[in-house]
Amino acid sequence: MDIKREDIIHLAELSDFSLSEAEITFLGGDLRGIINYISQLDQLNTDDISPTYQVFEMKNVWRDDEIKEQEANREQLLKLTKDEKDYQIKVPKVL
Amino acid sequence: MKYLPTIGIECHVQLSTKTKLFSEVDNDARNKEPNSCVSPVDYALPGMLPRLNGEAIRFAIRAGKAMNCEINLESRFDRKHYFYPDSPKGYQITQFYRPIIGAGYVELPSGTRIRIEHAHLEGDAGKLTHFDNYSLVDLNRVDTPLIEIVSQPDIHSAKDAHDYCKELWRLMRFANVTYGDLYNGNMRFDVNISLAPKDSDKLGVRAEIKNLNSFRSVERAVEYEIVRQTKILEAGEKVIQETRGWNDATGKTTEQRSKEEAKDYRYMPEPDIPPIHLTTEFVDEEAMRLPLMPVDYRKKFDNVIANDTLEVLLDYPELMLKLGEINEKYAKNISNLFASVLLAEEKSTEYLNDLPSVKDLTDLAEMNTKKELSSTATKEVFLRLFDPQMKGRGSKQIAKELGLIQENDLGALETIVDAVLAKPETAKAQADFRAGEEKVIGFLVGQVMKESHGKANPSAVQQILREKLK
Amino acid sequence: MKIANKTVTAERLVRDALEKAKHFSDYHIFTFLNEENAIKKAREIDRKIAAGEKVGRLAGVPYALKDNFLSPEGETTASAHILEGFVSPVTATAVKKLEDEGAIMIGRTNLDAFAHGSSTENSYFGPTHNAFDFDRVAGGSSGGSAVAVALDIVEFATGTDTGGSIRQPASFNGVYGLKPTYGCISRYGVVAMASSTDCVGFFAQTPDDMDVLMSIASGQDSKDMTTLPDYYGSAEPESTNKRRIGIIKDFDNESVDPEIQKALAQKVELLRSRGHEIVDLSMPSLKYALAAYYIIVPAEVASNLSRYDGVRYGFRSKESTTLNELYDNTRSEGFMSENKRRIMIGNFVLSSGFYDAYFLKAAKARTLIIGEYEKAFSKVDFILTPVSPNPAFKLGEKVNDPIAMYLEDMMSVSLNLAGVPGLAIPAGKNKTGLPIGLQLVGPRRSDKNLIQFSKELEEND
């Protein structure tokens, strides 16, 4: 299938980063090659085969509804952010 | 109006589990400091994995059953991707492909049925507060369990939209799966509305009004949209499909820029949570926990309790539960005390959590119907049943102590009446009455009441007087 | 391990390890050396031993930690710029279990950023060099850990294996490397690459050491809902007599280096001579494993890397006046090209319009691959294959050819898709002295027998 320049840019947007001209060129080339490679799956017949998303037979794994001491508290977590104000994470204005 | 509005509503209900959907932190962030209910999992540190709260599954089953919905025995979670600071993982864990709650319906007070398309379990998002050139992020609400209830486009009026939302709110409260605190956003509504010519068989272009948090705003927003869209269509123009916001102050909806431009959520099965396979036994066990629902009470109390009174009381599961336990012949009596006395009280919300026993209420109603208590006396005793000093003593005792029991013993009354009639100061009144002056009977009754220290039953006294003065 | 027979003190062991680590600094093995804490902990262990107090099974044993395991000791960066400065307040379950037994982390090892790669050349800190040839790659993504064990800086190191990231560097450096059954060891606190294939495992110098490590690290964890109920410790060791070993015929084609084929043939002969039965297997779907892998894994990668946005931790790009710029700049500057490549592929196969043709298709292919392994293990006890089609290649040789790099994983990825365990075993060297590795594959939950049986492949000379 044919991957155009604007497709590459759209994928970068979906990924929430932008690409330099150089990246558009070489990543674009790589992507075409890779997509071409993975497209060989078309040759595999998967009629009436159900998909597998997790490789084991486990199900119904859940916990009790009880409050527990957590491994890290608010101070430890907020310490990790670059910008904090009034116990909240500060980010530039949404535009 | 030559256009028919068609309305579908998506309702988010915050579940009142003790802990969050995927971590063991306090799920009730009301009046708590920002980011004080956040675990490393909610904060989405690298390598953190969801830890599913089994209680949320049970809540979802009850919520589904309350809406007459199929429960899908096999369900699982999916990831919905978008970038925004209210979503620390960069995706919301929801149920896109295999929701736990299937099709069902909600019956409005009017009897109209609104079909439920499905409802799914998902995690809520965090909260941003915007300032001039920055925003602050509070993650307390992240992954509070939600169920999103998706209706079919079966609603065709602002009133039905209002009634549907209110009935949902009641169902969720009766099912006891949410605090139902609208002010704190425990329930939020997204309304899809389109207009089409009455005769046309296909729908018009719809607008979505997001994040309404009261029944009234739902009703007003729909009313506004009907007018707005009608104008557009009348002018021969086209309604554009868009998301709009509701401004309660101006009473207008305005177009709203959507959170992220590319609306491609790239749904993917959640690999960190094993699928859910329920047994019918498990589902039924939860269904058994449901109390009577509003629709059941409407049947039960049809012709017993006045409709408008009942609809008022149906906003209070606690009152209905109590009323359900009361012998039916007293239900009307008690329902009136609930509706006109209890709910009128300032402290009514406190009172709701500490209602009198069935016996106290029954005794009270009995005394009232036996005319041992006047209606005013009944109200007084009723209120004393909430008074920490007195309530322990029971209605009968309280009535006695307050000396509110009416004298109904005719024999006893007759002697009092005779005594009064023997008094010279009543002679004139007696004569005037015999002469046909009706109104003086009031004076004589008054005298008897005084003699009986107010315990006599006035109507009984009047009867005796009329006999004697024939 | 050494400390078990108390010939030396823990402090001696730790100091030696740190010395060696510095001696080999030009190999770029470590992203962080834990000198202060390590020595402090060693002294505490020595004190306990002297006082006759009880110590753990790994008391005083120095080890290297792949830098994608969270712990408060040093920055956890996954060798990625975007995690720069991140010191974790939480500890990965696997790390906790090792430390509870007295193991001492002397340093964090280099990897391809976010474990995206098969050579450790995609590291923000620069490539790690092969233990046997400085001009060649260490393999990847757990290159630092493999070389640390190969150069005997430590006796064991942790790794993660999503498609070969333990087995391939193990084979490139001549050590044992185990990718356990999926769900055997908790992933809690391990920087996620692809949730449905990620496995925590180890590099070790002997099968017996591997067994000790597994018995310590394995087991169900309430913090990881995908961990299996404990089975490793309770597993009954089966007899290693007269086992049936499968050889996958679909693989012996020109794509595999002749010397590696020869090494495989020799081991097959050895097994025959020891009375084991060799069974030819045909597993036709496996040739689609790599394509399925490079759909499923990038999809999960794109998803798992969505949380790196500069908002809550790690690197945040300075010049951002709006939120969109913050996200865009942070992710543009913070990710390496290979990260971007995989994120974009992931978003491609998940995007509306392509989901069914790619992601769903691959999920179905996965079902077929699992079925083929189940069928195979109804005929044989283990399967023996090469780990990679070639020995360690030259630094820079494939770095600009992603497909050639992906082909490195040809023989390793199918195990991850199927969730079965695989043990990379040293199988001699080629003419130029580069190690050759073979992998022994078993059915799910056969990890212990796999380790025991691997001794059958050791020449006793």
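This report walks through some helices, sheets, domains and ring pairs in a predicted model.

## Two helices in chain A

Let's start with chain A. Helix H1 (residues 5–14) of chain A packs against helix H2 (residues 21–38) of chain A, with the axes 10 Å apart and at an angle of about 100°. Angles from 65 to 115 degrees count as roughly perpendicular, so that is the label for H1(A) and H2(A).

Which residues do the touching? On the H1(A) side they are A:Arg5, A:Ile8, A:Ile9 and A:Leu11, and they meet A:Glu21, A:Ile24, A:Gly28, A:Leu31 and A:Arg32 in H2(A). Sorted by class, this contact has 5 nonpolar, 3 charged and 1 polar residues.

## Domains and a sheet in chain B

Chain B is assigned three stretches: domain 1 covers 3–281, domain 2 covers 291–401 and domain 3 covers 410–469. Going by C-alpha atoms, the centres of domain 2 and domain 3 of chain B are 35 Å apart.

Chain B also has an open sheet of 8 strands with mixed pairing, in the order E5-E6-E9-E1-E10-E11-E12-E13. Strands E5 (104–107) and E13 (252–255) of chain B each have a single partner strand, so one side of each has no neighbour in the sheet. From one strand to the next, the twist averages 30°.

Zoom in on strand E6 (residues 113–123) and strand E9 (residues 145–151) of chain B: they run antiparallel and are joined by 7 bridges. One residue to look for is B:Ala119, whose bridge partner in E9(B) is B:Ile149. Helix H3 (residues 215–234) of chain B lies across E1, E10, E11, E12 and E13 of chain B, running at about 25° to E10(B).

## A sheet in chain C

Over in chain C, 11 strands make an open, mixed sheet in the order E1-E3-E2-E4-E6-E5-E10-E11-E9-E7-E8. Its edges are E1 (30–33) and E8 (277–281) of chain C, each with a single partner strand, so one side of each is left without a neighbour in the sheet. The twist here averages 30° from one strand to the next.

Strand E2 (residues 62–66) and strand E3 (residues 104–109) of chain C pair in the parallel sense over 5 bridges, and C:Lys66 stands opposite C:Thr109 in E3(C). Helix H2 (residues 35–50) of chain C packs on this sheet and touches E1 and E3 of chain C, its direction making about 160° with that of E3(C).

## Aromatic pairs

How many aromatic pairs turn up over all chains? The search of the whole structure finds 37. One of them is C:Phe114 with C:Phe335, a tilted pair with 6.0 Å centre to centre and 55° between the planes. C:Phe114 sits in the loop between E3 and helix H4 (143–150) of chain C, and C:Phe335 in the loop between helix H9 (323–334) and helix H10 (337–350) of chain C, so the pair ties together parts that are 221 residues apart in sequence.

Technical notes:
Residues numbered from 1 in each chain as written. Chains lettered and ligands numbered in written order. Predicted model: local features only at pLDDT ≥ 70, side-chain atom pairs only at ≥ 80, totals over all residues. Heavy atoms only, no water. Axes fitted to C-alpha atoms, helices over the stretch in contact; angles between N-to-C directions. Helix = DSSP H or I, 4+ residues; strand = E, 2+ residues; numbered from the N terminus. Parallel < 35°, antiparallel > 145°, perpendicular 65-115°, else oblique. Contact = heavy atoms within 4.5 Å. Nonpolar A, V, L, I, M, F, W, Y, C, P; charged D, E, K, R; others polar. Pairing = 2+ DSSP bridges. Domains from an automatic or database assignment. Phe/Tyr/Trp six-rings, centres within 6.5 Å; stacked < 30°, edge-to-face > 60°.
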